[in-house]
Amino acid sequence: MDFRKKTVRDVEVAGKTVLVRVDYNVPMKDGEVVEDMRIRGSLPTIKYLLENGAKKIILISHLGRPDGEVKPEFSLGPAAGQLSALLPEVQVNFINKTTGPEVFDAVQKMKDSSILMLENLRFSPAEEENSEEYAKSIVNVTGAQLFVQDGFAVIHRAHASTDAIARLIPAVAGFLVEKEVSSLEGAMEAPERPLLVIIGGAKVEDKQPMIDKFLPLADKVAVGGKIAADGYTATDEKVYVAHDFATDENGAKLDIGEESTQDIINMINEAKTVVWNGTLGMVEDERFAKSSLAVARALGTSHAKTIVGGGDTAGYVEKVLRDEPGLSFTLVSTGGGASLELLSGKKLPGLEVLQDR
């Protein structure tokens, strides 16, 4: 389906200073990046800008929840280092500020076709407050002439880097946002059929809006996870609810059972489009990750269009892919809350503010 917002393809980038909102909220351990999928997800947009003559590229992101305070363990320095390793032919610098004269000087000293990564936006409370003043200060010190939104995982929030900045200078989408939105909206609006939606997770109040949204659209909805274990009741004949479970020594239902897992795999084998949101068991414990692993393998070898959404589910699938790189998915969404809200039919502030085609 056609993407309804302008992207970097639709604007002139040559000779411009471009401010790019990426999502480098990556897992860290001992000051090193553990998983760089989100950094790699930003490369198509960055490479396009470089190949099409962007003069300077300034990257902004958040990492973790520092609650508006400077906390060194949440510094984006290691993420900048990982980006540099992925782009060895490009000069990538990092500065531990987001505004002020130091940033201005660093931008002025940038060589053409180089990249500067600013520090964690959430070191300032102004980011989550969607402060116009903070947004203006970032635009002014960087001299940005174009804003590119490529942080899909945060566009469901109205923050300075998703809303306020986009109101100050021309704002378009990057390729990651385009891919994520097009894939997720396409699954809702024009899916190849049969369309199967697999819902897991723990909180029925989070997933019910999505079930309600997909019920008129899907050919089948399969419900597993803690939702099923807690006795979810189907209200439509399209809805399949897992009926057997794996339990711990105390009798707690922590995964769906072999029969239900096989039922869902049979549905996958018949589907042309599959959307999976929510793990089917407590995947932190390998004993209760069997159904999720089986479903991941079935999807990863399926000929169907396969979309994995939701932070926990995507994180689990990323882990499976590290061990089994031969699996292939149409989209493993980088956005947990964003994908859930989009699939539930909600408007995303960081998307709506971008220029229309």
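This is a predicted model: local features need pLDDT of at least 70, side-chain atom pairs count only at pLDDT 80 or more; totals for chains, interfaces and linings use all residues.
Take the contacts between residues at least 6 apart in sequence: 74% of them join residues at least 24 apart.

Next, show the whole chain as a cartoon. The protein has 15 helices and 16 strands. Its radius of gyration is 21 Å, close to the 21 Å from the globule rule for 357 residues, so the protein is as compact as a globular protein of that length.

Now colour by relative accessible area. Of the 357 residues, 56% are buried. With the surface turned on, the protein exposes about 15400 Å², and carbon and sulfur atoms supply 46% of that area.

Then select the charged side chains. There are 40 positive and 54 negative ones. The centres of the two sets lie 4 Å apart.

Finally, turn to the aromatic rings. A pair of aromatic rings is described by the distance of the centres and the angle of the planes. How many aromatic pairs does the count come to? The count comes to 1 aromatic pair. Select Tyr48 and Phe175 to see that pair: the ring centres are 5.2 Å apart and the planes stand at 85 degrees, over the 60 that the class requires, so the pair is edge-to-face. Tyr48 belongs to helix H2 (residues 43-51) and Phe175 to helix H8 (residues 175-189), so the pair ties together parts that are 127 residues apart in sequence. Zoom in on Phe175 to end: this residue has a relative accessible area of 14%, under the 20% cut-off, and is therefore buried.

Technical notes. Residues are numbered from 1 along each chain as its sequence is written. Side-chain values use heavy atoms; hydrogens and water are left out. Helices (H or I, at least four residues) and strands (E, at least two) are DSSP runs, numbered from the N terminus. The radius of gyration is taken over C-alpha atoms; the globule rule is 2.2 Å times the number of residues to the power 0.38. Buried means under 20% relative accessible area, exposed over 50%, partly exposed in between (1.4 Å probe, protein chains only). Contact means heavy atoms within 4.5 Å. Accessible areas come from the Shrake-Rupley method with a 1.4 Å probe; for residues, only the protein chains shown count as cover. Lys and Arg count as positive and Asp and Glu as negative; His and the chain ends are not counted. The place of a charge is taken as NZ of Lys, CZ of Arg, CG of Asp or CD of Glu. Rings of Phe, Tyr and Trp (its six-membered ring) pair if their centres lie within 6.5 Å; planes under 30 degrees apart count as stacked, over 60 as edge-to-face and the rest as tilted.
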